[in-house]
Amino acid sequence: MKPDEGIVSRRYARAAMGFCDSHGGHDLFAEGLAKLVEGLEKIPLLETLLNTPLLQKEEKVKVVEAVAGTMGLPESVRRFALILVGRSR
């Protein structure tokens with residue numbers, strides 16, 4: 001991990017927790033995020049698709065939408081993943 005990646009990661013984590021603070025659902029968010037991470041670990045091609053510069057952001061958004069729908073991820077996790085993709089994270 002690059003030194004600045006830790007700072008950026010903490011910002012996104014704080015934002016996600018702030019969202020959960022104001023909208024509730026810490027447990028649901030944590031479970032959904034764990035489910036997403038598990039899916040990325042089981043199917044490494046997903047992570048490759050989301051990291052490749054060969055796909056446009058719009059195509060990556062479609063991948064996230066499909067994965068979120070297939071996995072039944074909570075709306076909060078789906079939106080968080082879309083933010084990350086939209087900002088090339």
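The model is predicted. Helix H5 (residues 75–86) packs against helix H2 (residues 26–42) at an angle of about 55°, and H5 also crosses H4 at roughly 160°.

**H2 and H5**

- The axes of H2 and H5 lie 8 Å apart, and the angle between these helices is about 55°.
- Angles from 65 to 115 degrees count as roughly perpendicular and those under 35 degrees as roughly parallel; H2 is therefore oblique to H5.
- The crossing in which H2 passes H5 is right-handed.
- On the H2 side the contact involves Phe29, Gly32, Leu33 and Leu36, which meet Ser76, Val77, Phe80 and Ala81 of H5.
- By class, the residues of this contact of H2 with H5 comprise 6 nonpolar and 2 polar, with no charged residues.

**H4 and H5**

- The axes of H4 and H5 come within 10 Å, with a crossing angle of roughly 160°.
- Because angles over 145 degrees count as roughly antiparallel, H4 is roughly antiparallel to H5.
- H4 and H5 form a right-handed crossing.
- From H4, the residues Lys57, Lys60, Val61, Val64, Glu65 and Ala68 meet Arg78, Ala81, Leu82, Val85 and Gly86 in H5.
- The contact of H4 with H5 is made up of 6 nonpolar, 1 polar and 4 charged residues.

**H2 and H3**

- H2 packs with H3 at an angle of about 100°, and the two axes are 4 Å apart.
- The range from 65 to 115 degrees counts as roughly perpendicular, so H2 is roughly perpendicular to H3.
- Gly39, Leu40, Glu41 and Lys42 of H2 make the contact with Pro44, Leu46, Glu47 and Leu50 of H3.
- In the contact of H2 with H3, the residues divide into 4 nonpolar, 1 polar and 3 charged.

**The largest pocket**

- The volume of the largest pocket is about 920 Å³.
- This pocket is lined by 27 residues, of which Leu40, Asn51, Phe80, Leu84 and Arg89 are the closest to its centre.
- Two or more lining residues come from each of helix H1 (3–23), H2, helix H3 (44–51), helix H4 (57–71) and H5.
- The lining consists of 19 nonpolar, 3 polar and 5 charged residues.

Methods. Residues numbered from 1 in each chain as written. Predicted model: local features only at pLDDT ≥ 70, side-chain atom pairs only at ≥ 80, totals over all residues. Heavy atoms only, no water. Axes fitted to C-alpha atoms, helices over the stretch in contact; angles between N-to-C directions. Left-handed = near helix turned anticlockwise from the far one by under 90°. Contact = heavy atoms within 4.5 Å. Nonpolar A, V, L, I, M, F, W, Y, C, P; charged D, E, K, R; others polar. 1 Å grid on protein atoms, 1.4 Å probe; cavity = no way out; pocket = protein on both sides within 12 Å on 5 of 7 lines; lining within 4 Å. Points joined across faces, edges and corners; volume = space filled by probe spheres on them.
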